[in-house]
Amino acid sequence: IMNKIGIVVENITNRAGIERAVTNLCNSLCDFEEYNIVLISICSKDGCVPAYKLDNRVDLLHLNVKKKNKYGWYIEFYNLIKKIINYEKLDYIIGTTYALNSVISVLDLRVKKIGCEHFNYNSATFLGKVVRRLFYNNLSAIVLLTKSDARNYSFLDAKKIYIIPNSLSFKCNGKYNCDSKQIIAVGRLEMQKGFDILIEIAKKTQKLIPDWKFVIYGEGSEKDNLLRKIKNNELGGYVEIKPSVIDVEKILLNSSIYVMTSRFEGLPMVLIEAKECGLPEISFDCKEGPSEIIEDGVDGYIIPVNDNEMFIEKLVMLAKDKEKRVNFSEHSKINAKRFSSTNVSNLWKEMLEQV
């Protein structure tokens, strides 16, 4: 029997982690003959192109809902989604943010309703936490990214909780470049990602590893502040900000070390991708995700939050120790396998069969 699955995202033309994870999920579920995938993008218009390459077997539906005010568009989306479920004869509907999960949770239709979380529970606002407690028990299942985040959902029926990580969007056949002397970070230039902290770290490492350089790839509202910080600290040439790119694999393979200074995460896609490219990684132990990707002392380092001195110490040591970088790289490649598209899509299939 063919099952029709609708996956809802706010705007598939945005270039960020959620859109990449959703695209990967759609593409991998297409490989199962029993599933027909419909990607429902709420705020994009007909003819808009997704930010990441979507398998041509995925049916793409643009709802063209305009964000008139903060909450009004959810009502419009609710009415539209009811019609779509009936028209498309969907068997499952999957939300991809807490707001969308909440809207689909109150649908009174005989569709299986699955909520998918991409941020950790503790990063939510007070309202976000209240909404989860009020509505999430109406869902058939809730998919979380990490075991540590699952502990925050004790208010839910445990049988409804499934832990499924994000999957890789590519298989890397390139070779790790341990001699590039480039330290890389990728992400939206927003406070969450902590690039201001990374610039502070770079200021301290400049005298210790002057022949290396930091490159940050991304766009966002903090860009001007970050560029000003680089200029004020006279780090021009040592720290560089470049526009975000589609081909992440290429820029990762041109780098030697991946660093993450985020204030909070869900399960960072880019750490998984850097691991697949064989990069040793250093990250703060922020909630949630990095500690479930990096194996401390084996393929990278997990640093206590706010301990910039330890971060600097481990980064300088790794930059000066080529043998350790190569060793970490080999382990990174091995440890990336659990995030393969096949492994993750099989977990999704098991969950869909159980709800």
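**Entry 1. Salt bridges**

I looked up K322 and D179 and found that their side chains meet in a salt bridge (3.2 Å, N to O). This pair links distant parts of the chain, with K322 in helix α12 (residues 322-335) and D179 in the loop between β7 (161-163) and β8 (182-186), 143 residues apart. I take a salt bridge to be a side-chain nitrogen of Lys or Arg within 4 Å of a carboxyl oxygen of Asp or Glu. Helices (H or I, at least four residues) and strands (E, at least two) are DSSP runs, numbered from the N terminus.

I note that the model is predicted, that local features need pLDDT of at least 70 and side-chain atom pairs count only at pLDDT 80 or more, while totals for chains, interfaces and linings use all residues. Residues are numbered from 1 along each chain as its sequence is written, and side-chain values use heavy atoms, with hydrogens and water left out.

I then checked the cover of the two partners. K322 is partly exposed at a relative accessible area of 42%, and D179 is also partly exposed, at 49%.

By the salt-bridge rule, I recorded a count of 20. One of interest to me joins the side chains of E34 and K349 (3.3 Å, N to O). E34 lies in the loop between α1 and β2 (35-41) and K349 in helix α13, so the pair ties together parts that are 315 residues apart in sequence. E34 is partly exposed, with a relative accessible area of 27%, whereas K349 counts as buried at 19%.

I also looked up E200 and K229, whose side chains meet in a salt bridge at 2.6 Å, N to O. E200 lies in helix α6 (residues 195-205) and K229 in helix α7 (residues 223-232), so this pair ties together parts that are 29 residues apart in sequence. Both ends are partly exposed: E200 has 27% relative accessibility, and K229 has 23%.

Finally, I noted that D31, D55 and R57 are linked in a network of salt bridges.

Eight of the 11 residues of α6 are buried, so the helix is largely enclosed by the rest of the structure. I list the buried residues of α6 as F195, D196, I197, L198, I199, I201, A202 and T205.

Helix α9 (residues 269-276) is mostly covered, with eight of its eight residues buried. Charged side chains are on that list: among the buried residues of α9 I found E273, K275 and E276. Just after α9, I noted that G278 takes a positive phi of about 85°.

**Entry 2. Cavities and a pocket**

I worked on a 1 Å grid over the protein atoms alone: a cavity is a set of points where a 1.4 Å probe fits but cannot get out, and a pocket is an open set with protein on both sides within 12 Å along at least five of seven lines; lining residues have an atom within 4 Å of a point. Grid points are joined across faces, edges and corners, and a volume is the space filled by probe spheres set on the points.

How many cavities of 30 Å³ or more are there? I recorded three. The largest cavity has a volume of about 150 Å³. Its lining has 18 residues, of which A21, L25, P165, N166 and W348 lie nearest the centre. Helices α1 (17-29) and α13 (341-354) each supply at least two residues of this lining, and α1 gives the most, with five.

By class, the lining of the largest cavity has 11 nonpolar, seven polar and no charged residues. I count Ala, Val, Leu, Ile, Met, Phe, Trp, Tyr, Cys and Pro as nonpolar, Asp, Glu, Lys and Arg as charged, and the others, Gly among them, as polar.

I next looked up the second largest pocket, which has a volume of about 330 Å³. It is lined by 17 residues, of which R20, N24, Y52, S169 and F170 lie nearest its centre. Helices α1 and α8 (248-253) each supply at least two residues of the pocket lining, and α1 again gives the most, with five. The lining of this pocket has six nonpolar, six polar and five charged residues.

Notes. Buried means under 20% relative accessible area, exposed over 50%, partly exposed in between (1.4 Å probe, protein chains only).
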